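Reader: I'd like to learn how to read salt bridges in a structure. Could you walk me through some?

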Amino acid sequence: MAKWFGLEPFDFDGDADGRLLREAGLFPPTPLVPEQDWFAIWDYYRDAAPRQPLPQPPHTPPAPALKQFRAHKISLGQGAPMTSLVKIVPAQKRLYAGDAFAGILFALEAPGEIKLRWRIGSPPVDLVASAEQLTVTVIGKLFPSDALEGSVQLITPGDATPRVALEKLRRPTRTIPADLNGDGREDYVVCAYGNKLGNCSWFERRVDGTFDEHLLVDRPGALTAEVRDFNGDGRPDVLVLMAQAREAVLLFLNQGRGRFEPVTILEQPPTWGYAGMEIADMDGDGRPDLITANGDNGDFGLPLKAYHGIRIYRNDGTNHFAERFFHPMHGAYKAVARDFDGDGDLDIAAIAFFPDFNSTTPANFVYLENLGGWKFAPATFPESGDGRWMVMDAGDWDGDGDDDIVLGSFLRGPTTMPVPPQTQERWRRAGTSLLWLENLGKRRPAKSP
């Protein structure tokens, strides 16, 4: 932080993105606060912080046998799995998976047969499918960078090579096609996560097919977004999850004619570690609730955090969200909500990319069965230890009428604690790029309200 306050010089020449950062004027040339104030802040945190990391609050450990699903291992090729994307498209009965190392997008049919592949050039990290085309977000550099090497690429049926729709993006992680200004043309919302630079913008499509960029957030860390009408006025709004320093959930209310009013839904400290967001009506009252996963722990050699996990925030109908449920989960990275057991309410599947690797039960996958009344029963399965799950999606891949789950393993990611040799050996032996959790479709009676 001393560099951000101008108390220490930033080494522009020694940084890979030094030229970009110098041009942006990101680091102040002179101190913003007196040195004595800086050290007073330093001393406060040093004296107030606990000597050892706080333990997780009491919670029920996951049951070891997940009876709702059967696990199937899928390999995309030789070498260490580096899966950067999984997306189930039920209408096509297809699973799309991205290989970050090879820069390839695969299309698979159940139970794992590769039908098509496209060479993207760098890691594909997000995909939106319509009847006409695939909209693929290509990050450029997967690891921290401010280089303008990302893009949005389009694939239509029969394409051997994707077409570039947007380019020179700063490490984009999410793209949503939507008509935001009501002119009948499809625009794009793009989360450009970046590193020290970045933004979230919407790109207005002009009559001639070119785009004008309009900033929603001018800072790094825009990780994912959702577009829907949150206030019931008939216009699409934009909800954005911000990680990286000023972590927050921000709602941009559409005022019409391309204007948006920002509203802060949640704001958290820089160590919070936001990694995923899901919108779902968890209590059946017709209002979209908010599920978050916070567990990104890869910046430095940081300890495990008791506040990492899965949270549900209930919407009171006016877009005010209050926390109603918390499941502690070290390194939580994503959560998806579906009615997996067919009993009429939404369950949650969650993964952790930074679990406690030294635990005999690291809980890198947890299934939370909805019991009603904001209570959930956690469970996991033995094969969850066969990979390091960075991405996940849910949907009816095999076309049998219930939602499956697919996990994607990425083994070369950062770790803030050593991974035990036996865990690394298990990953190597398994060679699992994808793990398909086939829903066995055991319908259960609906719960009493």
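Author: Gladly! In this predicted model, Asp 126 and Arg 174 join their side chains in a salt bridge, 3.4 Å from N to O. The partners sit in distant parts of the chain, 48 residues apart: Asp 126 belongs to strand β6 (residues 124-129) and Arg 174 to strand β10 (residues 172-178).

Reader: Are Asp 126 and Arg 174 buried or exposed?

Author: The general idea is that a residue counts as buried when its relative accessible area is under 20%. Asp 126 has 11% relative accessibility, so it is buried. Arg 174, at 14%, is buried as well.

Reader: Thanks! What does Asp 13 form a salt bridge with?

Author: With Arg 22, and their closest N and O atoms are 3.2 Å apart. For the accessibility here, over 50% is what makes a residue exposed. Asp 13 is at 71%, so it counts as exposed, while Arg 22, at 47%, is partly exposed.

Reader: And how does Glu 113 meet Lys 115?

Author: Their side chains form a salt bridge too, at 3.3 Å from N to O. Glu 113 is partly exposed, with a relative accessible area of 46%. Lys 115 is also partly exposed, at 37%.

Reader: How many salt bridges does the count come to?

Author: The count is 24 salt bridges, taking a side-chain nitrogen of Lys or Arg within 4 Å of a carboxyl oxygen of Asp or Glu as the rule.

How values were computed: Residues are numbered from 1 along each chain as its sequence is written. This is a predicted model: local features need pLDDT of at least 70, side-chain atom pairs count only at pLDDT 80 or more; totals for chains, interfaces and linings use all residues. Side-chain values use heavy atoms; hydrogens and water are left out. Buried means under 20% relative accessible area, exposed over 50%, partly exposed in between (1.4 Å probe, protein chains only). Helices (H or I, at least four residues) and strands (E, at least two) are DSSP runs, numbered from the N terminus.
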